[in-house]
Amino acid sequence: MDLHEYQGKELLNSFGVHIQRGIVAQNADEAVAAAKKLTEDTGTGWHVIKAQVHAGGRGKGGGVKLAKNLDEVKTIAGQIIGMDLVTPQTSAEGKRVHQVLVTEDVYYPGDSEPEEYYMSVLLNRGNGRNMIMYSTEGGMDIETVAEETPHLIFNEEIDPATGILPFQARKIAFNLGLSGAAFKDMTKFVTSLYKAYSESDSSLFEINPVLKTSDDKIMAVDAKVSLDDNALFRHKDLAALRDLREENPIEVEAGEHGLNYVDLDGNVGCMVNGAGLAMATMDLIKQAGGEPANFLDVGGTADAARVEIAFELILRDPAVKAILINIFGGIVRCDRVAQGVIDAYKNMGNIEVPIIVRLQGTNADIAKELIDNSGLDVMSATEFQEAADKVQQVLSK
């Protein structure tokens, strides 16, 4: 589950991470009030207006702008709120902006020049350890840095038995070229950042940039936070931060029915039980010359009601030219699934999209007979290749 920048910053701040202060606004008037409050609390004269959407690269799409007075705050906030923000991480249609974060200006003059760094905490799936990835090249796309100057990216792996150790925090500060008060502040920042990541059961913390201010303070100017969905039962307060407006509405509805659904850009709908079989089915579709339109795991309870909901979700995509149902009958019997498909088909009326059903496992022979004798326009298959051939046959028409 992704958080907005302001939510991620609040989470970081609760663990002692120094952040750029800001106030959320839902409209231009609220943005002006927020700017006045920030000036009163922080003394800042300028304000940064940031679109709050679940996507990176907001500045490139015009979603992050500097306001030098209250009139500019009102104008810029009015322009950003309600816009469809297009960034390198959104679709061509962009994402609708419902709110902005009005923040203090932290690039004030002082004894030294401000400097930006990149820092993230994530899991190294190769060895099962958390790692801190960091670079002196803050403010840039880390992919660009990795491609053009890989020697400027550092990794620090954390032993899960000990957590981050003091020498590791000092090593990170040293590799970033810091000294004096900034060095000390960075070691505190890194330690608190890792604690926030670990104790919130997150899957990603990305701070870009981490800023060294002109008076040698270290703070998070941005915050991209992704929480582990499987651990949210331990964090009811964090689960309540979910913004459904930022998520695919079909995926949200599927979740409400206990279905695992991911929307994709393809032409063959998939209905499968089990994540592994679903991935294999998607490979099968590609080998047959198609593209999967979705990932849909119906789980072990593929009764008529569940299958009908799955059908409805898949058929909302106008790009779907065929549906492949691929079920392995282990926990659930194949004949029960077949009857579910038949009942759902009849309840929904005429389904114009061709349906291929492959059922293998317990009572697969009975299931095939049910499908073949149903009188419905549904093709049955027993083997993987047979299902692939039928998908290819349908798409070639």
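Ring pairs link Tyr194, Tyr197 and Phe205 into a cluster, where rings of Phe, Tyr and Trp (its six-membered ring) pair if their centres lie within 6.5 Å, with planes under 30 degrees apart counted as stacked, over 60 as edge-to-face and the rest as tilted. This is a predicted model, in which local features need pLDDT of at least 70 and side-chain atom pairs count only at pLDDT 80 or more, while totals for chains, interfaces and linings use all residues. Residues are numbered from 1 along each chain as its sequence is written, and side-chain values use heavy atoms, leaving out hydrogens and water.

| Pair | Centre to centre | Angle between planes | Class |
|---|---|---|---|
| Tyr194 and Tyr197 | 6.2 Å | 35° | tilted |
| Tyr197 and Phe205 | 5.9 Å | 80° | edge-to-face |

Tyrosine 194 and tyrosine 197 both belong to helix 6 (residues 180–199), where 3 residues, about one turn of the helix, separate them; helices are DSSP runs of H or I with at least four residues, and strands are runs of E with at least two, numbered from the N terminus. Tyrosine 194 is buried, as are tyrosine 197 at 3% relative accessibility and phenylalanine 205 at 1%, buried meaning under 20% relative accessible area, exposed over 50% and partly exposed in between (1.4 Å probe, protein chains only).

Elsewhere, valine 64 lies in strand 3 (residues 64–67) and counts as partly exposed because its relative accessibility is 30%. Leaving aside residues up to four places away in sequence, valine 64 touches Val48, Ile49, Lys50, Arg58 and Gly59, contact meaning heavy atoms within 4.5 Å.
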